[in-house]
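Good morning, colleagues. Please look at the model on the screen while I take you through its ligand site and one of its sheets.

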Amino acid sequence: MGLELRDVSKRYAGIEVLHPTSLDVANGEFLTLLGPSGSGKTTVLRLIGGFSQVSGGSILFDGADITALAANRRPFNTVFQDYALFPHMTVIENVGYGPLVQRRTDAAARRLIDETIEIVGLAELRGRYPEQLSGGQKQRVALARTIVCEPKVILLDEPLAALDASLRRQMQVFLKQIQRRIRTTFIFVTHDQDEAITMADRIVVMNAGRIEQIGTPEDVYDRPNSKFVARFIGASNVLDARSVADRQVEVAGRRIAIGQGEVAAPGEAMSFCVKTHDLELTTQAPADAANTLPGVVRGQAYLGSHRDYLVDVGQELLVAMPPEFNAPVGSTVHVRFAADRCRGLIH
Ligand code: ADP
């Protein structure tokens with residue numbers, strides 16, 4: 001049960017912008033499509049919504065083939081970034097406008113509208129007009145207008161992109177709470193890694209018209225399966241290395257043990273990733289030099305809770321240290337790699 005994409009592809013003018021892609025979305029799941037601009041996220045969302053036709057493959061919902069079904073016949077609804085509210089209607093009128101609500105008896109419609117307005121936290125503002133609302137409040141009205149239609153799946157295309165940073169964080173938590181409460185499937189497009197990690201049950205990482213990785217936020221953050229995902233998610237360094245025996249790689253003439261992930265055959269080039277906060281700097285050369293590399297500080301930035309260091313070890317690394325650690329630009333430092341936090345990557 002749920003939504004299934006089977007080998008769905010999309011071509012524009014002969015160019016395949018979505019390569020054959022298969023994806024299962026369980027009913028009630030919060031799924032995020034994450035990737036850089038142009039990676040194909042909106043294309044997937046539009047194909048699911050029925051706003052654009054597949055070039056190949058099929059789309060099923062709860063076992064029924066909906067590939068040829070028009071957008072307004074699919075049990076889905078979309079929240080767009082521009083709220084598209086009617087300026088001459090109040091909150092309650094905007095929410096109650098849809099034909100699905102109008103079709104009910106007055107009492108049933110009123111109950112549904114009231115409930116929905118309460119869910120999105122707008123009960124106090126029900127009589128206001130859009131121009132009397134903040135950006136976040138308008139976004140809630142747009143969401144209420146979608147929820148009130150009781151769709152099986154809600155499609156959201158970067159709905160928070162227009163909001164400022166702190167409001168955006170509030171809305172992320174709020175949207176997630178609403179999704180938990182109404183238990184409707186949410187498919188949410190974003191290019192913002194933190195947003196995806198905050199909200200999703202599962203993240204689909206897209207790159208150049210393909211799915212790179214599907215997993216829980218923990219999976220893609222802690223266990224990226226490719227250099228692309230490692231670079232795109234979470235503050236990671238991706239280093240070039242050469243495999244030597246026994247899960248050891250060589251970087252700048254020194255050996256580093258790799259505790260996780262895949263390693264190439266001895267002698268072959270490979271990469272590994274390590275998070276900025278899983279590296280440690282010392283100013284003195286450590287007595288035990290295992291799994292350390294010497295480097296030169298090229299830059300540093302104070303970020304309140306920590307200090308970011310750019311360190312040149314032959315390749316440039318970003319290292320997050322406690323703010324009290326202080327090594328001036330140009331000084332020599334020693335970078336320690338915790339083996340169990342280094343993850344080998346072949347692809
Ligand atoms: P994203 O949402 O990840 O930013 P899109 O799905 O919008 O990416 O776009 C994926 C690719 O498809 C891009 O290269 C884009 O230029 C192309 N594309 C999208 N819509 C059209 C269209 N209507 N005609 C031609 N190319 C398109």
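Which polar backbone atom is 3.0 Å from an oxygen atom of the ligand? One belongs to glycine 40, and the pair is a polar contact, that is, two N or O atoms within 3.5 Å.

Before I continue, this is a predicted model, with local features needing pLDDT of at least 70 and side-chain atom pairs pLDDT 80 or more, whereas totals for chains, interfaces and linings use all residues. Residues are numbered from 1 along each chain as its sequence is written, and side-chain values use heavy atoms, without hydrogens and water.

Serine 39 also places a backbone N or O atom 3.0 Å from an oxygen atom of the ligand. For threonine 42, a side-chain N or O atom lies 2.6 Å from a ligand oxygen. The ligand alone exposes 560 Å², of which the protein buries 55%, by the Shrake-Rupley method with a 1.4 Å probe.

The residues around the ligand, with a heavy atom within 4 Å of it, include Tyr12, Val17, Pro36 and Lys41. Helix α1, residues 41–49, gives the largest share of this shell, 3 residues; helices are DSSP runs of H or I with at least four residues, strands runs of E with at least two, numbered from the N terminus.

Let me turn to the sheet. Six strands form an open sheet with mixed pairing, in the order β13-β12-β11-β15-β21-β14, where pairing requires at least two DSSP bridges. At its edges, β13 (254–257) and β14 (260–261) each pair on one side only. Strands β11 (236–244) and β15 (269–275) run antiparallel over 7 bridges, and serine 236 faces lysine 275 of β15.

Definitions and conventions:
Polar contact = N/O pair within 3.5 Å; in protein donor to acceptor, adjacent residues only side chain to side chain.
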